[in-house]
Amino acid sequence: AQAPGVAPKSGVAEAKRLKQALAPKPAPEAMRKQMLDALFVRLRNAGDPGDAQRIAASIERIWLQSDSDTANLLMQRATVSMQARQYPLALLLFDKVVALEPDWAEAWNQRATTRFLAGDTDGAMADINQVMKLEPRHFGALAGMGMILQGAGLDKSALEIFKKALGIYPLEPNIQKLVEKLTLEIEGEDI
């Protein structure tokens, strides 16, 4: 027989499960941040370029999603327009996306890319600065910033930015090559 006032063990376990089930779930943004934080740790510590590339792709997939179905649809249409080199239409759509979701770093990044492709490096740099405020680990935006700086002949600044990107994504082959090339040009010696 059970002693009075002592809950059976299965009752305690059941109460614990019920309490966990009823506990408030983390907000989608908090869960998204946790997932990104874990992926960035894996990206920084990846030992294999293929593995690093898969982790980076996972990060990029998360970046490409907002909480707004409308913004996601506009983003898809804008991206298709950008890829079709219809820059005025793409920019119009990206303007709507950033107005609708001003805290969505990837919307700013995609608009920066479109501005860069359309020849508006000042606009691209302004958008990249916004991306960095919202997501300082955005290795793609850092690479874009480095390319703009390099294109303007600011090789030392570009090298600094590329090294910052490598600190986040050490096995990114294109950035590795740019760092090696610029280091040789700036320092004039093998690395």
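Ser 81 counts as buried because its relative accessibility is 5%, where buried means under 20% relative accessible area, exposed over 50% and partly exposed in between, with a 1.4 Å probe and protein chains only. The structure is a predicted model, in which local features need pLDDT of at least 70 and side-chain atom pairs count only at pLDDT 80 or more, while totals for chains, interfaces and linings use all residues. Residues are numbered from 1 along each chain as its sequence is written, and side-chain values use heavy atoms, with hydrogens and water left out.

Ser 81 is placed in helix α4 (residues 69–83); helices (H or I, at least four residues) are DSSP runs numbered from the N terminus. When residues up to four places away in sequence are not counted, Ser 81 touches Gln 86, Leu 89, Ala 90 and Leu 93, a contact being heavy atoms within 4.5 Å. Gln 34 lies 47 residues from Ser 81 along the chain, and their C-alpha atoms are separated by 32 Å.

A helix pair is formed by α8 (residues 139–151) and α10 (residues 173–187), whose axes come within 12 Å and cross at roughly 35 degrees. Axes are lines fitted to C-alpha atoms, for helices over the stretch in contact, and angles run from 0 to 180 degrees between N-to-C directions. The crossing of α8 and α10 is left-handed, that is, the near helix is turned anticlockwise from the far one by less than a right angle. Helix α8 contributes Phe 139, Ala 143 and Gln 150 to the contact, and helix α10 contributes Ile 175, Leu 178, Lys 181 and Leu 182.

Four aromatic pairs are present in the structure. Rings of Phe, Tyr and Trp (its six-membered ring) pair if their centres lie within 6.5 Å; planes under 30 degrees apart count as stacked, over 60 as edge-to-face and the rest as tilted. The pair of Trp 63 and Phe 139 is tilted, because the ring centres are 5.2 Å apart and the planes stand at 40 degrees. Since Trp 63 lies in helix α3 (residues 49–63) and Phe 139 in helix α8, this pair ties together parts that are 76 residues apart in sequence. Trp 63 counts as buried at 5% relative accessibility.

Phe 139 also pairs with Tyr 169: the ring centres are 5.1 Å apart and the planes at 75 degrees, so the pair is edge-to-face. Tyr 169 lies in the loop between α9 (155–168) and α10, 30 residues from Phe 139. Both Phe 139 and Tyr 169 are buried. Ring pairs link Phe 40, Trp 63, Phe 139 and Tyr 169 into a cluster.

Key. Helix = DSSP H or I, 4+ residues; strand = E, 2+ residues; numbered from the N terminus.
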